[in-house]
Amino acid sequence: MNKDIIKKIGDIVGRENCTISREDLHCYSYDGTRKIFLPSVVAFPDSTAQIAALMRLAGTYLFPVVARGAGSGMTGGCLPVQGGLVLALSRLNNIVEIDRDNQIAIVEPGVITGEFQQAVKKVGLFYPPDPASSSFCTMGGNAAECAGGPSAVKYGVTKDFIIGLEVVLADGEILTTGTRTEKGVVGYDLTRLFIGSEGTLGIITKIITRLIPLPEHKETFLISSTSLLQATRLVAEILGHNISPCTLEYMDKTALGLVAKMLPEPPEPDIEAMLLLEIDGHKNEVSAQTERLYNLVQSTSHCTIRQAGTETEKEDLWQARRAISPATFQLSKHKISEDVVVPRSRIPELVQFTEQLGRELNLIILTFGHAGDGNIHVNIMLDRDQEEQQLKGDIARERLFRQVLSLGGTLSGEHGIGITKSAFLPLELDATTLKIMQKLKALFDPKGILNPGKIFPS
Ligand SMILES: Cc1cc2nc3c(=O)[nH]c(=O)nc-3n(C[C@H](O)[C@H](O)[C@H](O)COP(=O)(O)OP(=O)(O)OC[C@H]3O[C@@H](n4cnc5c(N)ncnc54)[C@H](O)[C@@H]3O)c2cc1C
C-alpha cells in the first residue's frame, strides 16, 4: 500500500490512531490459529463515520479491509491474508444503553463479552451467549462468528440474542437492520444474514441485544463415568428425561488429564469421561429436575454423580473446563482444532470414531465440549516439525468431516469457516447453496475488498 493511501487513512482516524510500525503490525497479524499474516497498516477508528470514510477510501484504491475484535478466532477470520488495512475495533468499546424495562441493550463492537455480561448482571439481567473466551473476545467478533458457549443448550447462541445491527457496507453506506422490539418481521431478516458472516459483508458498528431476567438459582453437578460410551449416551438421555440443563459439557479422559490438578478432586484412574452439568431457574424447578437427574444417573451403569457444594468448587470446575483448550499445547506444539456438531444421539458414534481414528493414525485426538448441543471440540494434536504427522493430520481432518456429515452433522458449530475450513465447504454445501452465497457476497461487496480470501474455497 503506498504512502499516499496510508496518509489518507491517518487523515481519517488521526495519525496517532494508525500504525505501520513492524512491531505493531505483528501484534495484529495472528489469531487463535497461530497463523501469521502481516497487514500493511492498522487503524483504530472510534466512530461509525470514520469507518464509513475508510470503506469509501478502500473502494477507491481497492485495498482489503479486515475487521478485528480481540483476534481470538479459531479459523483465521481476522487474518489479513491479502495484506491491506486491519480495522482494530478496540476503541469502539462503549455500552451505549442498557434498557431494563424493555430488556435490551445497545453495544459497540469492541465491548468485551464478559464485561457486558457483568454490566447487565448488575441490573438483574442476563446475556447468555458465553464463549469460553468471554473474558477477552468482543461482541463484534461474537456477532461476526455467531459465537456459542456452554449455555447454548438451553438459551441458544449469539444469533438468538441479537435483534438489530448497524453495519457499514463496502461502499461506506450505513445500514441499520432489525428492531428494538422482541418481534419484528418487516422485510428480509438482514440481521441474521450479517451474524456469522465473518466480516465478509460489512463492518458491524452497533449491536442491539435481547436480554432476559437473571435466573434465580443454579446448581452444578459432575457426572463421572468409567465408560466413554455410557457417558456420551447419557447426554441425549438427560435431555429426554424432562431435564433442561443450562450447560452440559463433556470431557474425555485425555482432556481431564490435562486439567486434573485444577479439579476439586482429581478423577480416579478408571474414569473415562466426565459431564459437567448445570440446572438453573426457580428453586423448586431446579429441585425437581435435580431429583430426576439423580434418579437417571443412579440407574445408569458405570456412572456416578455429585453436586458441587460451594461457589469455589463450582468456579474451580469451570476454570478447569475453560483451561482445556489452552492446556492441549502441553501435549504437542500444534493442533488441528475442530468444532463439529452432530445430533446429540450420535455423539457416542462420533467419539468412538475419533478414538479409532487416533489409534489407526497413531495421533493423539482428544474430544471435549458442548455435548448438550452436540458441539464437540475435536483436537488433533500434531508436531509440525514432522511432515508425516502433518499429512496424517490432514487425513484425520478430512475423515472426521466426512464422518460428521454422514452422522447428520455440520462442520462448524461456532468457530466459523475462515481460511482453515474453506476448502471443505463443498463437502457440506451443495452447488446451488454455494452459488447463492457467493452472489450475496458479490452483491454486498462487488469490489471484493471486505475480508477477501475467507469462507469460500479459492
Ligand atoms: C481459549 C479460546 C476459547 C474459545 N472458546 C469459544 C467458545 O466457547 N465458543 C465460541 O464460539 N468461540 C470460542 N472461541 C473462538 C473465538 O473466541 C470466537 O470466535 C469469538 O467470537 C471471536 O471474537 P474476537 O473478538 O476475538 O474476534 P476476531 O477473532 O478478532 O474476529 C473474528 C471474525 O469476526 C470478524 N469481525 C470482528 N469484529 C467485527 C465487526 N465489528 N464487524 C464485522 N466483522 C467483525 C473478523 O473479521 C473475523 O472474521 C475461543 C477461542 C479461544 C482462543
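Is Ile-455 buried or exposed? Ile-455 is buried, because 22 other C-beta atoms lie within 10 Å. The cut-offs are these: a residue is buried if 20 or more other C-beta atoms lie within 10 Å of its own, exposed if 12 or fewer, and partly exposed in between, with C-beta atoms placed from the backbone.

The structure is a predicted model: local features need pLDDT of at least 70, side-chain atom pairs count only at pLDDT 80 or more, and totals for chains, interfaces and linings use all residues. Residues are numbered from 1 along each chain as its sequence is written.

Start with the whole chain. It has 15 helices and 18 strands. Helices (H or I, at least four residues) and strands (E, at least two) are DSSP runs, numbered from the N terminus. The radius of gyration is 23 Å, close to the 23 Å of the globule rule for 458 residues, so the chain is as compact as a globular protein of that length. That radius is taken over C-alpha atoms, and the rule is 2.2 Å times the number of residues to the power 0.38. The C-alpha trace spans about 70 × 60 × 45 Å along its principal axes. Of the 458 residues, 47% count as buried.

Contacts come next. Two residues are in contact if their C-beta atoms, placed from the backbone, lie within 7 Å. Take the contacts with a separation of 6 or more: residues 24 or more positions apart account for 72% of them.

Now the ligand. Its shell holds 37 residues, and the closest are Gly-69, Gly-77, Gly-140, Gly-141 and Gly-199. A residue is near a molecule if its C-beta atom, placed from the backbone, lies within 6 Å of it. Four elements each supply at least two shell residues: strand 3 (65-68), helix 5 (139-145), strand 10 (203-210) and helix 11 (311-327). Helix 5 gives the largest share, five residues. By type, the shell divides into 15 nonpolar, 17 polar and five charged residues. Here Ala, Val, Leu, Ile, Met, Phe, Trp, Tyr, Cys and Pro count as nonpolar, Asp, Glu, Lys and Arg as charged, and the others, Gly among them, as polar.

Follow the chain out of helix 5. Cys-146 is in the loop between helix 5 and helix 6. Cys-146 is buried, with 23 other C-beta atoms within 10 Å. Its phi is near 50 degrees, a positive value in a residue other than glycine. Most residues other than glycine have a negative phi. Ser-151 lies in the loop between helix 5 and helix 6 (152-155). Ser-151 is buried, with 24 other C-beta atoms within 10 Å. Not counting residues up to four places away in sequence, Ser-151 touches Pro-128, Asp-130, Cys-246 and Thr-247. Ser-151 and Gly-372 are 221 residues apart along the chain, yet their C-alpha atoms are separated by 8.9 Å.

Strand 9 (residues 174-178) holds Thr-176. Why does Thr-176 count as partly exposed? Because it has 14 other C-beta atoms within 10 Å. Leaving aside neighbours within four places in sequence, Thr-176 is in contact with Gly-164 and Glu-166. From Thr-176 to Ile-204 is 28 residues in sequence and 9.8 Å in space, C-alpha to C-alpha.

Move on to helix 8 (residues 228-240). At 1.5 Å a residue its 13 residues should span 18 Å, and the end C-alpha atoms are 19 Å apart, which agrees. The expected span is 1.5 Å times one less than the number of residues. Helix 8 has a kink of about 30 degrees, centred on Leu-234. The bend is the angle between axes fitted to the seven residues ending at a residue and the seven starting there. Buried residues of helix 8 include Leu-228, Leu-234 and Ile-238. The buried residues of this helix pack against strand 12 (217-225), strand 13 (247-252), strand 14 (273-281), helix 10 (283-298), strand 15 (303-307) and helix 12 (347-361). Just after helix 8, Asn-242 takes a positive phi of about 55 degrees.

Phe-368 sits in strand 17 (residues 365-370). Phe-368 is buried, with 25 other C-beta atoms within 10 Å. Beyond four places in sequence, its contacts include Tyr-250, Met-251, Asp-252 and Ile-324. Phe-368 and Ile-324 are 44 residues apart along the chain, and their C-alpha atoms are separated by 8.3 Å.

Finally, return to Ile-455. It lies in the segment after helix 15 (431-444). Phi of Ile-455 is near 70 degrees, a positive value in a residue other than glycine.
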